[in-house]
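Here is a structure to read alongside a short report. Keep the sequence and the coordinates in view.

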Amino acid sequence: MSHKLKIFLVILIALTIATGVYSNKVNKKSETVTNISTPTLESIQKTEITTQIFFPNLKQGKLSKEDIILNSNLSNKEDILKDIISQLLKKLEEKNILKKENFKYEVYIKNRTLYLDLDSKILSSAKTPQEELLLIYSFVNSLLTPGGADHIVLLINGSTTEKVNFINISKSYKLNSNI
């Protein structure tokens with residue numbers, strides 16, 4: 001046997017032994033169980049989803065905003081938007097902008113356009129054009145802030161209308177943070 005062949009066999013044997021030792025160590029590590037912390041159902045349910053609602057500040061003539069916590073049991077976009085509207089209506093009633101009564105409303109999304117069907121009593125409560133504009137944009141900004149739609153088309157009692165009181169509402173509305 002030549003000298004080069006003996007060296008090659010020794011290296012090959014050493015490499016085989018080293019590979020076996022390493023493999024044995026890896027196998028022993030895989031036998032030990034490592035605890036992985038997974039979130040509990042309670043901690044998942046405690047996750048709060050917040051967004052902002054906008055409401056008229058009639059003294060300053062602009063919109064004010066407030067963070068709200070959304071109902072965590074809602075799964076589709078329309079239900080989330082209805083929750084936002086419901087909380088916005090409560091805020092408008094608290095601020096005496098709307099009278100306390102059950103207002104009918106519907107909301108749905110199609111091709112990034114949000115259709116908001118409001119009870120005519122909501123916009124007819126505005127006493128001035130500025131108040132009506134602030135009321136319109138309180139809905140527009142509150143519903144477009146979370147994302148998912150680019151603009152809003154307003155419907156009144158299920159149909160398109162040119163105006164309720166003062167403002168032409170036949171156009172679509174985009175988010176306007178400067179109002």
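## Basis and fold

This is a predicted model, in which local features need pLDDT of at least 70, side-chain atom pairs count only at pLDDT 80 or more, and totals for chains, interfaces and linings use all residues. Residues are numbered from 1 along each chain as its sequence is written, and side-chain values use heavy atoms, with hydrogens and water left out.

The chain holds 5 helices and 6 strands. Helices (H or I, at least four residues) and strands (E, at least two) are DSSP runs, numbered from the N terminus. Read from that end, the order is α-α-β-β-α-β-β-α-α-β-β. Of the 179 residues, 30% count as buried. Buried means under 20% relative accessible area, exposed means over 50%, and partly exposed lies in between (1.4 Å probe, protein chains only).

## Core

The largest nonpolar core has 36 residues. Such a core is a set of buried Ala, Val, Leu, Ile, Met, Phe, Trp, Tyr and Cys residues joined through side-chain atoms within 4.5 Å. Leu 92, Leu 116 and Phe 139 touch the most other members. At least two residues each come from S1 (50-57), S2, H3, S4 (113-118), H4 (120-124), H5 and S5 (151-156). H5 gives the most, with 8 residues.

## Ring contacts

The whole structure has 2 aromatic pairs. Rings of Phe, Tyr and Trp (its six-membered ring) pair if their centres lie within 6.5 Å; planes under 30 degrees apart count as stacked, over 60 as edge-to-face and the rest as tilted. Tyr 108 and Tyr 115 are stacked, at 5.2 Å centre to centre with 15° between the planes. Both are partly exposed: Tyr 108 has a relative accessible area of 37%, and Tyr 115 has 23%. Tyr 137 and Tyr 173 are both buried.

One charge also meets a ring. The charged end of Lys 91 sits over the ring of Phe 55, 5.3 Å from its centre. The test asks for NZ of Lys or CZ of Arg within 6 Å of the ring centre and within 35 degrees of the ring normal.

## Pockets

On a 1 Å grid over the protein atoms alone, a pocket is an open set of points where a 1.4 Å probe fits, with protein on both sides within 12 Å along at least five of seven lines; lining residues have an atom within 4 Å of a point. A volume is the space filled by probe spheres set on the points.

| Pocket | Volume | Lining by class |
|---|---|---|
| Largest | About 190 Å³ | 9 nonpolar, 3 polar, 1 charged |

Ala, Val, Leu, Ile, Met, Phe, Trp, Tyr, Cys and Pro count as nonpolar, Asp, Glu, Lys and Arg as charged, and the others, Gly among them, as polar.

In the largest pocket, Lys 77, Ile 80, Leu 81, Pro 146 and Gly 147 lie nearest the centre. H3 (residues 77-94) supplies the largest share of that lining, 4 residues. For the second largest pocket, S2 (residues 62-69) leads with 3 residues. Its lining includes Phe 54, Lys 62, Asn 141 and Ile 179.

## Positive phi

Asn 96 has a positive phi of about 60° although it is not a glycine. Asn 96 lies in the loop between H3 and S3 (105-110), and is exposed at 68% relative accessibility. Asn 111 has a positive phi near 50°. Asn 111 belongs to the loop between S3 and S4, and is exposed at 69%.
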